[in-house]
Amino acid sequence: MARISSKKPPEFRAIDRMPARVDPCLATLVDKPPRGQDWAFEVKWDGYRLAVHIESGRVRILTRGGYDWTDRFPSIADDARRLALKTAILDGEAVVLDDKGRSDFGMLQRALGRLPSAVEAGAIVFYAFDVLYFDGRDVRRLQLRERRRLLEPLVAGREGAVRLSEEVQADGDAFFRVACEHGLEGIIAKHVEKPYRSGRGEWWQKITCKRRDSFVVVGFEPSTVPGHIGRLLLAARKVGELVYVGGCGTGWSHDLSRELRNLLASLVTKEPAVSLRRKNAVFTEPVLVADVEYRAWTDDGKLRHASFKGIRERADEATIYHLG
């Protein structure tokens with residue numbers, strides 16, 4: 001089996017042009033972890049998927065959808081410049097950790113400044129789990145185990161804003177059970193012999209403790225408490241259009257409810273983004289996305305037992321749930 005060594009194979013002697021952007025490899029949702037020694041596991045981080053581009057001391061941080069958000073993650077950019085690297089593209093997730101070491105998407109949103117917060121931007125950590133370009137060479141064609149051998153010496157053991165997402169060689173069922181017991185979102189399984197392939201495929205799989213997706217906020221229903229949110233109205237994508245899929249009325253604190261109401265009040269519109277008539281509905285421009293945890297779908301295509309987890313701008317439309 002091929003190994004990285006000081007003597008580089010012939011196909012890596014020439015310098016490869018650094019890609020301006022790489023579409024990320026996306027994990028496919030499955031019901032249970034795969035089995036076999038060809039699979040490695042990681043914690044499923046609850047944050048923003050990012051690619052950190054390092055070139056001649058310059059750092060660019062791109063979102064999953066290709067937006068340049070370098071200015072939103074200054075601590076990550078500053079720490080990436082300190083890495084012993086001339087050129088690289090690191091794939092990973094930006095998160096904020098709670099007091100138990102779990103990633104918390106709501107805290108991340110507050111650190112980014114969309115809602116009032118005591119969480120500082122410096123609390124954001126980037127967990128790198130792959131390297132796509134290294135030292136002038138495109139390494140996507142290497143097996144995952146080889147890419148990890150390149151990545152780990154670069155970021156392992158660091159306590160700054162750029163860290164290593166640890167890989168676990170374990171029984172998948174046992175690791176998943178422990179992850180759920182500790183309140184994590186789930187786990188990721190990756191086939192160690194596969195190259196890096198953009199798009200969604202079976203070589204990366206995600207197993208979640210609960211179902212969780214992102215939906216467009218198309219309005220709200222006021223609470224009986226003045227100045228607060230009673231229920232968010234949500235939509236998914238279907239054949240290029242937005243379709244109403246119900247709402248959620250839990251998951252926020254008293255203060256967050258008031259902050260959400262103020263945020264949405266600035267986006268009120270008379271033209272609803274979906275075909276919907278509700279007596280108390282206040283429609284908003286479809287520019288925000290809510291992360292929602294739920295148990296299942298009803299027979300008429302609505303979310304069952306939905307709970308609010310966080311809000312983001314509609315910058316990466318690929319993250320919005322798509323009805324089949």
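Figure 1. The structure is a predicted model, in which local features need pLDDT of at least 70, side-chain atom pairs count only at pLDDT 80 or more, and totals for chains, interfaces and linings use all residues. Residues are numbered from 1 along each chain as its sequence is written, and side-chain values use heavy atoms, without hydrogens and water.

**Figure 2. Aromatic pairs.** Twelve aromatic pairs occur in the structure (ring centres of Phe, Tyr or Trp, the latter by its six-membered ring, within 6.5 Å; planes under 30 degrees apart are stacked, over 60 edge-to-face, the rest tilted). Tyr196 and Trp204 form an edge-to-face pair, with 5.8 Å between centres and 90° between planes. One aromatic cluster is formed by Phe215, Tyr294, Trp297 and Tyr321.

**Figure 3. Charges over rings.** Lys190 lies over the face of Trp204, 4.0 Å from the ring centre (NZ of Lys or CZ of Arg within 6 Å of the ring centre and within 35 degrees of the ring normal). Arg72 lies over the face of Trp69, at 4.1 Å from the ring centre.
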